[in-house]
Amino acid sequence: MRKFFLIAAAVAAAVLISACCGDGQNIIRTEVPERPAGQEDMLNFAAEPLDTVRIGFVGLGMRGPGAVSRMCLIDGTRVVALCDVEKDRAEAAAKIVTGHGRPEAVLYYGSEDVWKQLCDRDDIDLVYIATHWTMHAEIAKYAMEHGKHVAIEVPAAMNLAEIWDLINTSERTRRHCMQLENCVYDSFELTALNMAQHGLFGEVLHGEGAYIHNLDEFWDEYWHDWRLLYNRDHRGDVYPTHGLGPVCQVMDIHRGDKMNVLVSMDTKAVNGKEYYEKHRGEAAPDFQNGDHTMTMIRTEKGKTIMIQHDVVNPRPYNRLYQLTGTKGFANKYPIEGFVVDPSAAGELIAADGDGKSGKVDIENLSSHSFVPEDVKAALMEKYKHPIQKELEATAKKVGGHGGMDYIMDYRLIYCLRNGLPLDMDVYDLAEWCCLTELSAISIENGNAPVEVPDFTRGGWNKTDGYRHAFAQ
């Protein structure tokens with residue numbers, strides 16, 4: 001019964017209208033609610049600069065403590081308050097703060113809604129949310145309504161209703177609502193983004209991303225089993241943002257292009273169901289999430305994206321991250337490499353063994369194999385992103401998924417302190433999270449095409465290309 005209830009609920013929540021395309025193909029339409037009177041979009045929104053960003057943390061389990069520590073290492077921050085339902089977690093995080101020589105933080109714990117007391121404070125600018133998924137949107141909305149900017153762990157919203165709630169609240173309150181997607185700050189992804197923006201791949205026509213990560217060693221670490229239960233009760237790509245985010249930045253999604261339609265498929269549920277029954281000791285005859293989910297997306301400008309999700313099968317960690325362009329190709333997993341069209345390569349500069357500058361022979365480049373390692377190294381150095389040049393040494397020392405967590409937090413504080421648009425806005429959040437519900441709708445309706453809403457409500461072509469903001 002749960003399966004059929006979830007299908008009905010998904011359809012109702014999305015406000016679906018079945019329509020027919022010009023070619024006769026049925027497509028499931030998704031309503032775009034009218035922007036409430038008096039609201040404006042948040043495209044390129046910049047708030048007043050903050051000399052010191054006063055932060056309150058909600059959720060101190062797996063991700064929260066690391067974020068607390070990183071923020072204590074960034075200039076212009078103050079950790080004001082810490083909140084978790086578990087007292088020992090709040091107290092452990094408090095020791096992290098004082099261990100960095102920072103003033104003591106106020107603690108909140110003991111009840112499911114104690115986080116509201118933190119959000120009610122008038123000495124907090126930013127609420128950093130690292131709870132389990134189903135609380136993200138509720139806390140963020142309340143915090144914005146109480147004058148706070150919010151940064152939310154992924155995925156920030158689990159369905160279209162939550163997504164539109166966050167968009168409307170952000171637009172109405174004029175508060176930033178950013179998703180904490182760390183993978184856009186990975187060194188390879190940043191380099192490839194910079195290469196793409198300099199035209200090295202020509203026009204990028206296709207991108208691929210994924211979250212392929214066997215979680216057998218981690219399921220027990222999630223508080224009250226929330227993540228495994230979510231996979232038991234929900235179908236579709238429930239964790240799409242790590243793969244989708246970096247590709248969307250390269251493709252200028254809602255900055256000159258937009259996602260129009262998606263189609264999703266999944267395998268039957270085998271390993272997820274067996275793991276649950278073996279380790280939780282109860283039958284799960286209607287375990288929802290298939291072992292492997294695939295989603296294909298087509299954009300307004302005729303480009304395509306493929307996203308995959310698999311957390312139960314014995315495969316090496318893989319986010320894919322592939323870019324296929326008219327003049328080149330980038331690939332991160334399982335082997336990092338680039339393909340560069342020899343006719344468009346130009347002069348590549350590398351460092352020889354003595355550290356002196358030398359020219360790389362481009363005559364041996366091929367359009368159907370990765371460039372040699374010396375050419376790859378030259379490309380990585382030549383197109384190192386300005387953010388990497390500034391932060392990579394510190395980021396590697398601090399750590400956090402190879403340093404990308406530190407860069408993510410640093411950039412958030414940097415933009416808030418300088419009154420700049422954030423690297424990721426509320427529409428990025430919406431676009432990257434919407435696959436969670438839309439993929440399920442497609443699958444449950446015979447892998448039907450589903451329309452991707454224009455979350456900007458007409459502003460998707462207002463900005464010419466994705467760029468990070470920097471202070472003058």
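Tutor: What follows describes the sheet, then the helix packing, and lastly some points of backbone geometry.

The model is a predicted one. Its open sheet has six strands, paired in parallel and arranged in the order 5-4-3-6-7-8. Strand 5 (106–108) and strand 8 (177–180) form the edges, each pairing on one side only. From one strand to the next, the twist averages 25 degrees. In general, the strands of a sheet pair through backbone hydrogen bonds, either parallel or antiparallel.

Within this sheet, strand 3 (residues 53–58) is joined to strand 6 (residues 126–129) by four bridges in the parallel sense. Along this pairing, Phe 57 stands opposite Tyr 128 of strand 6. Helix 2 (residues 64–72) packs on the sheet, where it touches strand 3, strand 4 (77–83) and strand 6. The direction of helix 2 makes about 170 degrees with that of strand 3.

With ring centres required to lie within 6.5 Å, the count comes to 19 aromatic pairs. For Phe 57 and Tyr 128, the ring centres are 5.0 Å apart and the planes stand at 40 degrees, so the pair is tilted. Because Phe 57 lies in strand 3 and Tyr 128 in strand 6, this pair ties together parts that are 71 residues apart in sequence.

The helix packing can be described next. Two packed helices are described by the angle between their axes and the distance between the axes. Helix 5 (residues 136–145) packs with helix 6 (residues 160–173) at an angle of about 15 degrees, the axes being 9 Å apart. Helix 5 is therefore roughly parallel to helix 6, and the crossing of the two is left-handed. Helix 5 contributes Ala 137, Ala 140, Lys 141, Met 144 and Glu 145 to the contact. The residues of helix 6 in this contact include Asp 165, Leu 166, Thr 169 and Ser 170. By class, the contact of helix 5 with helix 6 comprises four nonpolar, three polar and five charged residues.

Helix 6 also packs with helix 15 (residues 426–433); the axes come within 10 Å and cross at roughly 175 degrees. Helix 6 is therefore roughly antiparallel to helix 15. Here Ile 163, Leu 166, Ile 167, Ser 170 and Glu 171 of helix 6 meet Val 426, Tyr 427, Leu 429, Ala 430 and Cys 433 of helix 15. The contact of helix 6 with helix 15 divides into eight nonpolar residues, one polar and one charged.

Finally, the backbone has some points of note. Most residues other than glycine have a negative phi, and most peptide bonds are trans. Asn 44, in the loop between strand 2 (26–30) and strand 3, has a positive phi near 60 degrees. Val 154 and Pro 155 are joined by a cis peptide bond with omega of about -20 degrees. Pro 155 is found in the loop between strand 7 (149–153) and helix 6. A cis peptide bond also joins Tyr 333 and Pro 334, with omega of about -5 degrees. Pro 334 lies in the loop between strand 14 (328–331) and strand 15 (337–340).

Notes: Residues are numbered from 1 along each chain as its sequence is written. This is a predicted model: local features need pLDDT of at least 70, side-chain atom pairs count only at pLDDT 80 or more; totals for chains, interfaces and linings use all residues. Side-chain values use heavy atoms; hydrogens and water are left out. Two strands pair if DSSP finds at least two bridges between them. Axes are lines fitted to C-alpha atoms, for helices over the stretch in contact, and angles run from 0 to 180 degrees between N-to-C directions. Contact means heavy atoms within 4.5 Å. Rings of Phe, Tyr and Trp (its six-membered ring) pair if their centres lie within 6.5 Å; planes under 30 degrees apart count as stacked, over 60 as edge-to-face and the rest as tilted. Angles under 35 degrees count as roughly parallel, over 145 as roughly antiparallel, 65 to 115 as roughly perpendicular and the rest as oblique. A crossing is left-handed if the near helix is turned anticlockwise from the far one by less than a right angle, and right-handed if clockwise. Ala, Val, Leu, Ile, Met, Phe, Trp, Tyr, Cys and Pro count as nonpolar, Asp, Glu, Lys and Arg as charged, and the others, Gly among them, as polar.
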